[in-house]
Amino acid sequence: MCGRYASTRSPQELAPLFQVPDVPAKETLAPNWNVAPTDDVWAVLERASRGEEDTGTVQRELRPLRWGLVPSWAKDVKIGARMINARVETVHEKPAYRRAFTRRRCLLPADGFYEWEQIKDPATSKARKQPYFIHPEDEQVMALAGLYEYWRDPAVEQDDDPAAWLMTCTIITTEATDAAGRVHPRMPLALTPDHYDAWLDPTHQDPDELRALLGQPAEGHLHARPVSTAVNNVRNNGPHLLDERAE
């Protein structure tokens with residue numbers, strides 16, 4: 001799974017990397033070295049503007065989404081905390097994800113992600129979980145494959161009230177390999193820049209072709225370094241969380 005990651009690049013850095021024409025002017029997120037479920041995260045997506053759904057014209061956007069997908073049929077938002085990941089093996093079949101996989105795909109920019117390995121503490125001989133930060137060897141941005149969904153809040157009366165709609169997302173995962181596989185059996189999937197357009201295009205709806213676009217983050221060229229257990233607490237944040245620590 002992918003239950004925590006780092007996303008510290010600004011909209012001004014991300015927009016040209018993903019060919020987003022307009023940098024968000026009002027909606028900003030602070031750099032986050034400890035992104036946790038239900039946090040707002042930057043996402044790149046393509047969709048039609050409100051009222052233009054039938055014209056076929058879509059725009060590429062960089063916008064905040066809440067991490068933890070809430071299906072449109074959910075009774076409340078709490079389910080999202082349990083739906084932060086979607087398995088690539090079944091994402092096109094599961095009722096919670098299959099419509100989003102066909103029509104509402106996104107990219108979630110990340111510096112890297114955290115995973116935990118159970119090890120024996122040499123000082124106490126007791127088992128403990130050691131966190132690792134896993135990131136591209138060349139420090140390039142990771143474009144994690146994601147899905148997004150709309151949820152209508154029944155407590156808000158008017159459809160045109162911005163508070164009536166919540167946009168949420170999930171990260172697609174697969175079996176881990178290379179450095180990530182040494183730490184944890186699952187890892188997030190990513191896309192290379194040459195596949196961004198096809199993945200984001202909502203008119204591209206063939207499940208097999210879409211799954212073929214997904215690949216290993218950084219094409220498997222990942223580095224995993226042990227970091228402080230401070231990352232275990234979602235209240236902790238800052239660049240010090242990425243500092244290498246002795247295992």
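1. A word on terms before we start: helices (H or I, at least four residues) and strands (E, at least two) are DSSP runs, numbered from the N terminus. With that in hand, Pro122 is found in the loop between β7 and β8. Pro122 is exposed, with a relative accessible area of 68%, where buried means under 20% relative accessible area, exposed over 50%, and partly exposed in between (1.4 Å probe, protein chains only). Between Pro122 and Pro37, which are 85 residues apart along the chain, the C-alpha atoms are separated by 32 Å.

2. Please keep in mind that this is a predicted model, in which local features need pLDDT of at least 70 and side-chain atom pairs count only at pLDDT 80 or more, while totals for chains, interfaces and linings use all residues. Residues are numbered from 1 along each chain as its sequence is written, and side-chain values use heavy atoms, with hydrogens and water left out.

3. Now the overall picture. The protein chain has 5 helices and 12 strands. Its radius of gyration is 18 Å, close to the 18 Å that the globule rule gives for 247 residues, so the chain is as compact as a globular protein of that length; the radius is taken over C-alpha atoms, and the rule is 2.2 Å times the number of residues to the power 0.38. Along the principal axes, the C-alpha atoms fill a box of roughly 65 × 40 × 35 Å.

4. Of the contacts with a separation of 6 or more, 69% are between residues 24 or more positions apart, contact meaning heavy atoms within 4.5 Å.

5. As for the surface, the protein chain exposes about 12,500 Å², and carbon and sulfur atoms supply 47% of it; accessible areas come from the Shrake-Rupley method with a 1.4 Å probe, and for residues only the protein chains shown count as cover. The chain carries 29 positive and 38 negative charges, whose mean positions are 8 Å apart. Here Lys and Arg count as positive and Asp and Glu as negative, with His and the chain ends not counted, and the place of a charge is taken as NZ of Lys, CZ of Arg, CG of Asp or CD of Glu.

6. A nonpolar core is a set of buried Ala, Val, Leu, Ile, Met, Phe, Trp, Tyr and Cys residues joined through side-chain atoms within 4.5 Å. The largest has 34 residues, and those with the most contacts inside it are Phe18, Leu107, Leu147, Ile172 and Trp199. At least two residues of this core come from each of α1 (11-17), β3 (40-47), α2 (98-103), β9 (142-152) and α4 (196-200), and β9 gives the largest share, 4 residues. Apart from this core lies another, of 26 residues, with Trp67, Ala110, Tyr132 and Ala176 among them.

7. Beyond its neighbours within four places in sequence, Leu107 is in contact with residues including Phe18, Trp42, Leu144, Tyr196 and Trp199.

8. Ile171, in strand β10 (residues 165-175), is buried at 0% relative accessibility. Residues up to four places away in sequence aside, Ile171 touches Cys2, Tyr5, Trp67 and Ile84, among others. Met142 is in strand β9 and is buried, with a relative accessible area of 3%. Met142 and Gly112 are 30 residues apart in sequence, yet 6.8 Å apart in space, C-alpha to C-alpha.

9. For contrast, Lys129 is found in strand β8 and is exposed, with a relative accessible area of 53%. Leaving aside neighbours within four places in sequence, Lys129 is in contact with Trp116, Glu117, Gln118 and Thr229.

10. Finally, a pair of backbone points to check by eye. Thr38, in the loop between β2 (32-35) and β3, has a positive phi of about 80 degrees although it is not a glycine; Thr38 is partly exposed, at 35% relative accessible area. Ser125 also has a positive phi, of about 65 degrees, without being a glycine. The place of Ser125 is in the loop between β7 (112-120) and β8 (127-136), and at 52% relative accessibility Ser125 counts as exposed.
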